[in-house]
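Please look over the structure shown below before reading on.

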Amino acid sequence: MLSLSTVAIVFGVVFLAELPDKTALAGLMLGTRYRASYVFIGVAAAFVVHVSLAIAAGSLLAQLPQRPVQAIVGALFLAGALVLLLKKDDDEEEVKAPADQSFLKVAGAGFMLILVAEFGDLTQIMTANLAARYDDWLSVGIGAVLALWAVAAIGILGGRTLMRYVPLKLITKVAAGVMLVLAGFSIYEAIRG
């Protein structure tokens, strides 16, 4: 059954973690060169694939004994928070754009860029952790996909404007703080058992 509170929590966590990531920058670069709707369709399809893989991994984790899983999930959230806090700002990647403006070329370029660049990314691992934590694949999947789509849309349509008003370091610190809270809660539940 769909849990709106789980959708909201997952959306917030994934959104904050993905916003300072390379996806927004890649979307911005493609969106400035090509029709935004074509780019978004390709990127959105890639994120559905990523979330599906993460949900499958998280669902497998949910079948294991709860105390060890909570401890592992807590450790992974803690590691994710540290990755965000210690991440250098100069890791922008070069985006190769398609040669023409056709729907298949542009959407395909967006799909392949995200499929390759985001595989095993922090937000994919976080989505698997959240799926294990909440044992609610539908709510976690919807929250994660909507968050990733929102970040992609922001990157494609207005990334430059957002970054003018909200410092990337602040977004990164808020995301790391949320993950630290989730890490503490998961570890507490593992100890309390």
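## Overall layout

The protein has eight helices and zero strands, and this description rests on a predicted model. Read along the sequence, the elements follow the pattern α-α-α-α-α-α-α-α. The chain of the protein holds 193 residues, of which 44% count as buried.

## Aromatic rings

A pair of aromatic rings is described by the distance of the centres and the angle of the planes. In this model the count comes to three aromatic pairs. One of them is formed by Y38 and F103, whose rings are 5.1 Å apart from centre to centre with 90° between their planes, an edge-to-face arrangement. This pair links distant parts of the chain, for Y38 belongs to helix α3, which covers residues 36–62, while F103 belongs to helix α5, which covers residues 103–117, and the two are 65 residues apart. F103 is partly exposed because its relative accessible area of 34% falls between the limits of 20% for buried and 50% for exposed.

Another pair is made by F40 and W149, with ring centres 6.3 Å apart and planes at 70°, so this pair is edge-to-face as well. F40 lies in helix α3 and W149 in helix α7, which spans residues 137–165, so the pair ties together parts that are 109 residues apart in sequence. F40 counts as partly exposed at 25% relative accessibility, and W149 counts as partly exposed at 29%.

A ring also takes part in a contact with a charge: the charged end of R133 sits over the ring of Y134, at 5.4 Å from the centre of that ring.

## The cavity and its lining

How many cavities of 30 Å³ or more does a search of the whole structure find? The search finds one, and the space in this largest cavity comes to about 60 Å³. Its lining is made up of F47, H50, V51, A54, E118, D121, T123, Q124, T127 and L148. The elements that give two or more residues to this lining are α3 and α6, the latter covering residues 122–134. Helix α3 gives the most to the lining, with four residues. Sorted by class, the lining of the largest cavity has four nonpolar, four polar and two charged residues.

Two of the lining residues can be described further. T127 lies in helix α6 and counts as buried, because its relative accessibility is 1% and the limit for buried is under 20%. A polar atom of the T127 side chain lies 2.7 Å from the backbone oxygen of T123, and T123 is also among the residues that line the cavity. Q124, too, has its place in helix α6, and at 12% relative accessibility Q124 counts as buried.

## Residues brought together across the chain

| Pair | Separation along the chain | C-alpha distance |
|---|---|---|
| Q124 and S52 | 72 residues | 9.5 Å |
| N129 and Q70 | 59 residues | 9.2 Å |
| A46 and G108 | 62 residues | 9.6 Å |

N129 has its place in helix α6 and is buried, with a relative accessible area of 2%. A46 has its place in helix α3, and at 0% relative accessibility A46 counts as buried.

## A loop residue with positive phi

Most residues other than glycine have a negative phi. D135 has a positive phi of about 50° although it is not a glycine. Where does D135 lie? D135 lies in the loop between α6 and α7. Is D135 buried or exposed? With a relative accessible area of 54%, D135 is exposed, because the limit for this class is over 50%.

Key: Residues numbered from 1 in each chain as written. Predicted model: local features only at pLDDT ≥ 70, side-chain atom pairs only at ≥ 80, totals over all residues. Heavy atoms only, no water. Phe/Tyr/Trp six-rings, centres within 6.5 Å; stacked < 30°, edge-to-face > 60°. Buried < 20%, exposed > 50% of the residue type's maximum accessible area, 1.4 Å probe, protein only. Lys NZ or Arg CZ within 6 Å of the ring centre and 35° of its normal. 1 Å grid on protein atoms, 1.4 Å probe; cavity = no way out; pocket = protein on both sides within 12 Å on 5 of 7 lines; lining within 4 Å. Points joined across faces, edges and corners; volume = space filled by probe spheres on them. Nonpolar A, V, L, I, M, F, W, Y, C, P; charged D, E, K, R; others polar. Polar contact = N/O pair within 3.5 Å; in protein donor to acceptor, adjacent residues only side chain to side chain.
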